[in-house]
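Let's take a quick tour of this structure. Have a look at it first, then read on.

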There are 2 protein chains.
Amino acid sequence: MPTPMLKGLISPVLTPFNNDLSVATDLYVDFAKQLLATGGCSGLAPFGTTGEALSVSIRERMESLDALVAAGIDPKLMMPGTGLTNLEDTATLTRHAAEHGCYGAMTLPAFYFKGVSDDGLFDYYARLIDMVNHDDLRIFLYHIPQVSGVGLSIDLVRRLHEAYPEIIVGIKDSSGDWDNTAALLDIKTLITYPGAELPVIEAIKLGAPGCISATANLNGNGIAKVIDLCHAGDFDAAEDDHKTVKEIRYLFQDYAPIPAQKALLARGTGDARWNNLRPPMMAMAPEKVADLEATLKDKYSFTIGG
Amino acid sequence: MPTPMLKGLISPVLTPFNNDLSVATDLYVDFAKQLLATGGCSGLAPFGTTGEALSVSIRERMESLDALVAAGIDPKLMMPGTGLTNLEDTATLTRHAAEHGCYGAMTLPAFYFKGVSDDGLFDYYARLIDMVNHDDLRIFLYHIPQVSGVGLSIDLVRRLHEAYPEIIVGIKDSSGDWDNTAALLDIKTLITYPGAELPVIEAIKLGAPGCISATANLNGNGIAKVIDLCHAGDFDAAEDDHKTVKEIRYLFQDYAPIPAQKALLARGTGDARWNNLRPPMMAMAPEKVADLEATLKDKYSFTIGG
C-alpha cells in the first residue's frame, strides 16, 4: 500500500527552553497543539533544524515526542527528525518514531565526515533500516547541505527510493535550489516537500503535497492559504497571496529565522521563555527584535499572539 | 597546580570493527596496548576523527574506554574524544572521561549549526563545564574545521583558556594551518598539539609537547624518533629523519588515512576485521592497497606487523 501523503503545511516546531535551558515541555506541547488547531499547519516535524534538534539530547528528544503523543497529537501528523552521526543512536531515535506510528522519521545522512561517497551513504541508510527493523518505519530523507555539510545527490535519493520504495518514501529538500527540488519531484513515487514556502506553488504544480517551512511557526496561516488555493486549482489567487508570504519569509531570513521567531513569540505571547536558545545559538538583540516587530506590524499588519 | 604535559606522540586510535560492525573490543584493546608498548606512542586519543568516533554510539564509546582502562592502560595517558552536537550527551561522555581520571577530554565544539558566533561557542563550553562539574575535568579543545565545519578562533581559544585556565588546558589543532598553530603556541600556558607530524619540529621549538597524528597508528616509531630528537635538542638529526616521515605522511594522505591504515593493518596482521569501516566511510579498493603496500615496502622498507 502506498504511503498516504500528508498534504499542506508542515511545521518544524520551535523548541522552547526553560530558563535553565531544559526543554519547556508544557509550552512545547501547547504550541504544537496550537500550530495544528489554529496555526495553519496540517502536520508537525518536531526536532528539525528549526527546532534546534541537534542541540537537544537523545533522551530529551524521545521524552518530548512522548509528551506530544500523550497530549493527544496524532502521530500520523508527525515526522520527527531522527538523524545523528552514528547508526546506533540514530536507530534509537528512528525506532522510537516508528514505534509511535509516526507519519515518518525525517533523517539526516551521517553528517560528520564530509565528501563521503554515495555508496557509503546508501550503506548507512540500508543498515539503519535493518537496525530499526520495524514494520511502521517510514523515512523522509533530509537534504540540507548548507547546514549539515553532507548532501544527498539525486542519484542517491533515486537509488534509495528504488531499493526501499515503502520505507524511504520521501524527502525534505531544504537546499533552496529549485533545480534540485524539481529533479526530486520528477521521481514520481517519491513524496517531495520543499523546505520553504518560496517555491511551493511551482512544487505543487509538479506534485508536491505542500511544504515544510521554518516560518510555519509564525506565518502558518498565510502559507497554508497559498497551499490551499493551489490544491483548489486557483493558482492566480495563490500567486497573489504568495507575494506577501514571500516578503515575510525574506524578512525572517534577514533576521535569522530561529532567534527571530522565538523573540517575536516572547514579545507576542508574554512568555519570556521563548527568548531562550541553546548555545551555540544566541538570542537576538532586543533592538533588532523591535525593528522586526515594527516592520511586520506596519507593513504587513502582522502581529503574534493577537 | 598546572596540568602536567603529556610529551611525545599521541595516537588517535583506529577503531576496529567485527564483521557485524560492532566494536572489536579485543582487537581494540590489544592494538591500543601495542601502540604504547612498542608503537612509539606516549599517549592515546581514543575516538578522535581517525577513530571514526562520530560513527560510534555514546554507549559504545563509554564501554570501549572502560575496556581500555580495565586492560590496564593508565587513564593519565589518554585523552578520549567527547564532543557531540548537544550539551547533555557531550557532558555524559566528558564526565565519563573525567571520572576515569583521564589526562583530558578532547572536545569538539557543537558542530551542526555553521557560522555561529564566538559568544555562542564560549557559552557552549562554559555550560558544558558546569554540567560535568567534576574536579578532574581537563578539556583539550579540538579544532578541525575542514571536517567538523565549525572552527575555534584564536580569540575564542584565548578567552576560554583565560576563563578556565585549569580546565580548558589545551588544544589539538588539526587545521593544517601553520599560522594558526603558531598563534596558539603563542598562548604560553596553553598546551598545543599540532594534529599532524608535518609541523612538529617547528611546533616543539615554540613549546609544543609533541603532536597527535592519525599516522601514529602505523608510523608511530618514525614520528616518535623525530619528536625525541627534538626534545634532546638534536634538531639537525630530527630534520633528517623528518624527511622520510613527511613523505610517508603525504603518501597516506593521498590514499585517505583511515581506510588506508586499516587496509594495511588487515594485510600486515592477518586479521581481516581491520578491513571493516562503518558507513559512511568505505574500505579501500584492494588494488590501491596493494599499490600503497608496495610503495611503502620498496621505497621506505616499511612493513606492518613484521
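Two residues are in contact if their C-beta atoms, placed from the backbone, lie within 7 Å. By that rule, 32 residues of chain B are in contact with 32 residues of chain A. This is a predicted model, where local features need pLDDT of at least 70 and side-chain atom pairs count only at pLDDT 80 or more, while totals for chains, interfaces and linings use all residues. Residues are numbered from 1 along each chain as its sequence is written, and chains are lettered from A and ligands numbered from 1 in the order in which they are written.

**Where the chains touch**
- On the side of chain B that touches chain A, α2 (58-70), α3 (87-99) and α4 (118-132) of chain B each supply at least two residues; helices are DSSP runs (H or I, at least four residues), numbered from the N terminus.
- The largest share of that side, six residues, comes from α4(B).

**Chain A overall**
- Its C-alpha atoms fill a box of roughly 50 × 50 × 40 Å along the principal axes.
- Of the 306 residues of chain A, 54% count as buried (20 or more other C-beta atoms, placed from the backbone, within 10 Å of the residue's own).
- Among chain A contacts with a separation of 6 or more, 68% come from residues 24 or more positions apart.

**A pair of helices in chain A**
- Helix α10 (residues 235-255) and helix α11 (residues 257-269) of chain A pack at about 105°, with axes 6 Å apart; axes are lines fitted to C-alpha atoms over the stretch in contact, and angles run from 0 to 180 degrees between N-to-C directions.
- A:Phe252, A:Gln253 and A:Tyr255 in α10(A) meet A:Pro257, A:Ala260 and A:Gln261 in α11(A).

Terms used
A residue is buried if 20 or more other C-beta atoms lie within 10 Å of its own, exposed if 12 or fewer, and partly exposed in between; C-beta atoms are placed from the backbone.
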